[in-house]
Structure formats: structure tokens, C-alpha cells
Amino acid sequence: HKGYYVDGQLKAYKNFYDNGQIERRFKFSNWRRSNMKTYYVTGNMRSKILYFKSNRQKAEGYYANGNQKFAEELNRYANYYIMTKSYYEDGKVKSVFKLVDRKNMMYDKTEFYANGTIKEEGQMKFDKNRTAYIKQGDWKSYDETGKLTAKLTYNNGKNVDEIQW
């Protein structure tokens with residue numbers, strides 16, 4: 001471990017694996033912003049995190065092979081997500097979750113099969129009282145060939161109608 005202090009405040013540090021490879025690096029930019037990077041023992045990037053006032057604001061994770069595992073962005077105070085995206089180990093997109101209407105806190109969500117076809121899609125609403133994301137409106141499910149298999153309708157996270165094909 002190596003740390004750097006200015007006026008008694010920790011400004012940056014590094015942790016190392018037994019083999020000497022860096023395990024994590026933290027840098028305090030100012031009282032509002034800081035960042036941390038972590039690494040696998042091989043030296044490949046494991047994660048990058050940006051903080052705003054000690055709250056995680058943006059983060060990225062990586063598989064050991066170097067491909068991106070996820071990316072996420074939260075609002076300034078980490079109360080809710082702006083977007084999240086996850087990937088399969090081969091680099092293909094696994095899911096996308098994105099804020100599309102900030103006023104009503106509505107999100108589009110799409111999940112994909114490993115072959116790249118859409119598995120499920122619909123909208124979600126952020127419920128501040130429950131601090132939860134709940135399904136809202138029409139949701140469609142597909143099989144791995146892309147054929148529509150079901151359409152479900154949600155109201156406040158509860159399934160109110162379902163059609164199967």
C-alpha cells in the first residue's frame with residue numbers, strides 16, 4: 001500500500017498484489033470528485049468508478065479477458081439510475097436500461113439473448129417511495145429466433161393482462 005497525503009488528507013493511494021501488480025488506484029481530485037480503478041492480478045482493468053461527493057456516479061466493469069461487463073450512470077446524488085448496460089463475456093449486449101422521461105421517471109429496458117436477438121422489452125417506472133424500478137405498460141417477450149411469444153401489460157408492477165402465442 002502506498003498513500004499520498006496533503007495537509008493530513010489522503011489524496012491518492014495504490015494497493016498492490018503480492019506479485020507487485022497494482023490491485024487498485026484511488027485519486028481524490030477535490031472535495032466533490034474522486035475516482036478509483038481496480039485491476040486483475042494480470043494487470044487487466046477490473047473496474048473504473050467515478051464518485052461525486054462520495055456517491056458512485058459512473059462505473060464500468062470488465063471481464064478478465066478485457067471485454068466490458070457493465071456500464072452504469074447514476075444521477076448526481078446516486079438516488080436513481082440514468083442508464084445501465086450489461087454485456088456477455090464475448091462483448092455482445094446483454095441488457096440496456098435507460099431513462100427516457102426524467103419528469104415521470106420512465107425507463108426503456110431491453111434484454112437480449114446471447115445470440116443478439118431481443119429476449120424481452122418494455123418500460124419501467126422508478127417508484128421513489130419503494131426505491132424500486134417497476135414494470136409499467138406493455139412488455140413483449142420473444143424466443144431466441146426473434147418470434148414474439150407473449151405480451152404482458154403491467155400497472156404499477158402488477159400484471160393486469162397477458163397474451164401468449
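The radius of gyration is taken here over C-alpha atoms, and the rule for a globule is 2.2 Å times the number of residues to the power 0.38. By that rule a compact globule of 165 residues would have a radius of gyration near 15 Å, but the protein has 20 Å. The C-alpha trace spans about 65 × 35 × 20 Å along its principal axes. The structure is a predicted model, in which local features need pLDDT of at least 70 and side-chain atom pairs count only at pLDDT 80 or more, whereas totals for chains, interfaces and linings use all residues. Residues are numbered from 1 along each chain as its sequence is written, and side-chain values use heavy atoms, with hydrogens and water left out.

Secondary structure was assigned from DSSP runs numbered from the N terminus, with helices (H or I) requiring at least four residues and strands (E) at least two. On this basis the protein has zero helices and 14 strands, and the elements accordingly run β-β-β-β-β-β-β-β-β-β-β-β-β-β from the N terminus on. With buried meaning under 20% relative accessible area, exposed over 50% and partly exposed in between (1.4 Å probe, protein chains only), buried residues make up 30% of the 165 residues.

Two separations between C-alpha atoms illustrate how sequence and space relate in this fold. G43, in the loop between strand 4 and strand 5, counts as partly exposed at 27% relative accessibility; G43 and R130 are 87 residues apart in sequence, and their C-alpha atoms are 40 Å apart in space. F26 lies in strand 3 (residues 22–28) and is buried, with a relative accessible area of 17%, while 16 Å separates the C-alpha atoms of F26 and N44, which are 18 residues apart along the chain.

Open space was examined next. Rolling a probe the size of a water molecule over the atoms shows where empty space is left. On a 1 Å grid over the protein atoms alone, a cavity is a set of points where a 1.4 Å probe fits but cannot get out, whereas a pocket is an open set with protein on both sides within 12 Å along at least five of seven lines, and lining residues have an atom within 4 Å of a point. Grid points are joined across faces, edges and corners, and a volume is the space filled by probe spheres set on the points. The largest pocket holds about 170 Å³ of space. Its lining comprises 13 residues, of which K48, L50, K58, A59 and E60 are the closest to the centre of the pocket. At least two lining residues are supplied by each of strand 4 (33–39), strand 5 (45–52), strand 6 (55–62) and strand 7 (68–74). When Ala, Val, Leu, Ile, Met, Phe, Trp, Tyr, Cys and Pro count as nonpolar, Asp, Glu, Lys and Arg as charged, and the others, Gly among them, as polar, the lining has six nonpolar, one polar and six charged residues.

Aromatic contacts were then considered. Rings of Phe, Tyr and Trp (its six-membered ring) pair if their centres lie within 6.5 Å, and planes under 30 degrees apart count as stacked, over 60 as edge-to-face and the rest as tilted. The structure holds eight aromatic pairs. In one of them, the ring centres of F52 and Y77 lie 6.2 Å apart with the planes at 70°, so the pair is edge-to-face. Because F52 lies in strand 5 and Y77 in the loop between strand 7 and strand 8 (81–87), this pair ties together parts that are 25 residues apart in sequence. F52 is buried, with a relative accessible area of 1%, whereas Y77 counts as partly exposed at 43%.

The rings of Y107 and Y133 have centres 5.3 Å apart and planes at 85°, so this pair is likewise edge-to-face. It links distant parts of the chain, with Y107 in strand 10 (residues 106–112) and Y133, 26 residues away, in strand 12 (residues 132–142). Y107 counts as buried at 0% relative accessibility, and Y133 is partly exposed at 24%. Ring pairs link Y80, Y81, F97, Y107, F126 and Y133 into a cluster. A charge sits over a ring if NZ of Lys or CZ of Arg is within 6 Å of the ring centre and within 35 degrees of the ring normal; K135 lies over the face of W139, at 4.5 Å from the ring centre.

Most residues other than glycine have a negative phi, and most peptide bonds are trans. A78, although not a glycine, has a positive phi of about 60°; A78 is found in the loop between strand 7 and strand 8 and is partly exposed, with a relative accessible area of 31%. T131, also not a glycine, has a positive phi of about 40°; T131 lies in the loop between strand 11 (118–127) and strand 12 and is exposed, with a relative accessible area of 62%.
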